[in-house]
Amino acid sequence: MTLPNIFWKNTMYYILPIFTIFIVIGALINEYTKRGFTLVFMSQIWFLVIYCLAPIAIISSYDEVASKAFNLNKNDVESFYVQLLILLFYFSFIFGTNLGNHYKGFLKISVSNKNIRRLCYTLVLIGLFSMGVFLSKYGGISYVLSNMSQIRSGQADVKSYLGAFFLGFYKFVNLSFFICFAKILIDNSKQSTSFKFYFLINLMLSMFGLYLSAGRENGISFLISIIVIYMAVKKRIPLKLSIFFILFTVFYIVFGKTLVFALYDESFDINDFFNTRFYYMILDSFNIVMVEFSHQYMSIVNFIKVDGNFQYFSDYYIWMLTPFKLIGINLGDSISYYNTYIIMGWWESIIPPGPVAFGYMSLGVLGVFIHGTIVGYIFRAIDSIFNTNNPVKIDPVMVGFYGMLVPTFTYIMSNSDLTLFFQNRLAQLVFFLALVFIYKARYLIKRY
């Protein structure tokens, strides 16, 4: 093989991802200029990492980045076809956001300062009650602390659908913190010392919940919510907080799993870790981060290689049948089960497919376009309906809730398991219904 052919073979599979990067960056600048730090903006950040940077890392450093769960090789992942599917999904996503631009109004509620405080206290009480039920169903706090990762992955000896159901409502504690944070940002001078003290207690309770979740994604989402709320109120980028967020996120992804396991490993030698592994993990941090996002791209490759059966968007309704599992009736499993099965041969919900693979596994190329368009439309609708740039006074309840929704819905962009999405977002749905039926949220048309 001649030198030009070798050069072309080594570089041609980077062309489309790099081309896509420039397109996404241009769209990000346009989105931020017009609307600020929105759900559509954050979703494109995730897309950039998952479907542009991760494929480049997988192709260039296959042995270091590719998930070992897949029975694939480097030649398999070098695929123009898969990269074109990714580009199709992105364009369909943008097409969907343009369709969603027809929303010209926003939700508005009127809640007094006294009632906002009552709401925050109520949310925390519900969250603490839910945590109590969860701990009782999983054998107490000692068992939970010793088996956090196993419980999160569904591999623990003790399993309880009811306990997992109630744990989802502990997110109300986080929501209370976000509302309090927005309220302090809007008018810090009018907040009493007792309210600020409650705010700190609320923060500690939120940190406890994040610790028990044993998941790095939850910690990152919490920080994203804080940035969204800050920008919604202050209308500017929190530079110091953003720098901290970037550094923390990289550190959390690179070292989070190691340090969490170290808490329960008596043989872990922290001095040996810093002397022998820390420096090399820093040098290899890009590949370590990309490992966490390799399964989405590789799921597309794997489904095409095994010539799997289309799912015909069954996940669009299977999530509604999940509650029957509480009474021991299983009427269908999510797409993550099927994806894990064709990858590893186990009927477990271990490897979610990501949105591009979800669309392709549903109905091929047409499925990619349909799913991308629907996701883009819904995301733009959420940005419009919960618009924090409306011409009336900023409401801390709506801002705090929107701050929670942004990282909540980006899960669809990162994993796209709709059953898990709705299962873990029931608390947000209940709160939205409370806004409509208790706090009389109304859709108002913007007046310019």
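Buried means under 20% relative accessible area, exposed over 50%, and partly exposed in between, with a 1.4 Å probe and protein chains only. This is a predicted model, in which local features need pLDDT of at least 70, side-chain atom pairs count only at pLDDT 80 or more, and totals for chains, interfaces and linings use all residues. Residues are numbered from 1 along each chain as its sequence is written, and side-chain values use heavy atoms, with hydrogens and water left out.

**Exercise 1.** Find which residues of α23 are buried, and what covers them.

Solution. Helix α23 spans residues 426-437. Its buried residues are Ala427, Gln428, Phe431, Ala434 and Leu435. They lie on the same side of α23, because they cover an arc of only 115° around the axis, taken from the directions from the helix axis to the C-beta atoms. Their cover includes α6 (113-137), α10 (171-186), α21 (396-414) and α22 (418-424).

**Exercise 2.** List the contacts of Phe431 beyond four places in sequence.

Solution. Leaving aside neighbours within four places in sequence, Phe431 is in contact with Leu119, Leu123, Phe172, Leu175, Ile179, Val397 and Phe401.

Terms used: Helices (H or I, at least four residues) and strands (E, at least two) are DSSP runs, numbered from the N terminus. The expected span of a helix is 1.5 Å times one less than its number of residues. Contact means heavy atoms within 4.5 Å.
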